[in-house]
Amino acid sequence: MQHLAEFFEQGGFFMYVNLLCSVITIAFIVERTIFFLGKGSVNAKAFLEQIRKLVAANNVDRAIKLCSATEAPVARVAKAGLTRLPKGEAAVTTAIEETLVDVTPELKKRIGSLWSLANIATLIGLLGTITGLIGAFAAVAKAAAADRSTILSAKISEAMNNTWLGLAIAVTCMVGHVFLNAASKKQQHELEAFAMKLENLLAESTQHAGQARG
C-alpha cells in the first residue's frame, strides 16, 4: 500500500482524476459481468421447453409465474406473450415484439461507454505526462544546480506514472469491451431466436384453442 500511495503521490493531480476513471471502469465491468452471469443468464432453450410443456398442459398461469420468478430478458419477453395469449395471435406477436425492443438495450447498456472511458483515461494520462515534462524542463532551466537532478527525477516520475496509469486503464476498458460485447451479442442472438420460437409456439396454441372452441 505504501508503494501504491507513493506511486499516486509522485504522479500528481491527474493521477487522482484517472483513479476516478479506473473506479468507474471497474464498476461498469463488474456490473455488466454480474448481469450476464447472474440476472441476465437463463438457458433460453431449456426455458422455452418449460414454457412449451406448461402451455401444452393448458397451464398458462403457471408459465406466467415461472416468468415472474426471474428478471432475465427472455422471461420478460415470454411473460409479455403469455399474458396476451387470451387476446389472440396478433396481440401476442405485438406484445413479444414490443418487449423485445424494450429489453434489447439492457443487453448493450454501459458497454459502449468503455470505449469513451479508454479515450478519456488516455488523454488524462497524456495531460499528466505533459505536465510532468513541463515541470522537468522548468527544473533544468530555473532550479539550482544542486536541486536540479532531484526535481528532474521527480518530474520524470510524474510523467511516466501518468502515462502508465492512463494506458493501463485504457487497456482494461478495451479488454472488458471485447468480452462484454461478445456476451451481449450472444444474448441478443439467443433472445431474438427465443422470441421467434415463442411466437410460433403461442401461435400454434391459439390456433389449437380456436379449433377446440369451434
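Alanine 69 is found in the loop between helix 4 and helix 5, where helices are DSSP runs of H or I with at least four residues, numbered from the N terminus. The model is a predicted one, in which local features need pLDDT of at least 70 and side-chain atom pairs count only at pLDDT 80 or more, while totals for chains, interfaces and linings use all residues. Residues are numbered from 1 along each chain as its sequence is written, and side-chain values use heavy atoms, with hydrogens and water left out.

**Exercise 1.** Decide whether alanine 69 is buried or exposed, and find how far its C-alpha atom lies from that of cysteine 173.

*Solution.* Begin with the cut-offs: buried means under 20% relative accessible area, exposed means over 50%, and partly exposed lies in between (1.4 Å probe, protein chains only). The relative accessible area of alanine 69 is 67%, so this residue is exposed. Then turn to the distance: alanine 69 and cysteine 173 stand 104 residues apart along the chain, and 33 Å separates their C-alpha atoms.

**Exercise 2.** Locate asparagine 58 and arginine 110, and describe the backbone angle phi and the accessibility of each.

*Solution.* As background, most residues other than glycine have a negative phi. Asparagine 58 belongs to the loop between helix 3 and helix 4, and although it is not a glycine, its phi is positive, at about 60 degrees. With a relative accessibility of 68%, asparagine 58 counts as exposed. Arginine 110, in turn, sits in the loop between helix 6 and helix 7, and its phi is likewise positive, near 70 degrees, in a residue other than glycine. Its relative accessibility is 32%, so arginine 110 counts as partly exposed.

**Exercise 3.** Work out which helix holds serine 22 and which holds histidine 177, and judge whether each residue is buried or exposed.

*Solution.* Serine 22 is part of helix 2, and its relative accessible area of 16% makes it buried. Histidine 177 lies in helix 8 and is also buried, with a relative accessible area of 12%. As a further step, list the contacts of histidine 177, where contact means heavy atoms within 4.5 Å. Once neighbours within four places in sequence are set aside, histidine 177 touches Ile111, Leu114 and Trp115.

**Exercise 4.** Take valine 77, and name the residues in contact with it beyond its neighbours within four places in sequence.

*Solution.* Next, leave aside the neighbours within four places in sequence; the contacts of valine 77 are then Ile96, Thr99, Leu100, Val103, Leu191, Phe194, Ala195 and Leu198.

Conventions:
Helices (H or I, at least four residues) and strands (E, at least two) are DSSP runs, numbered from the N terminus.
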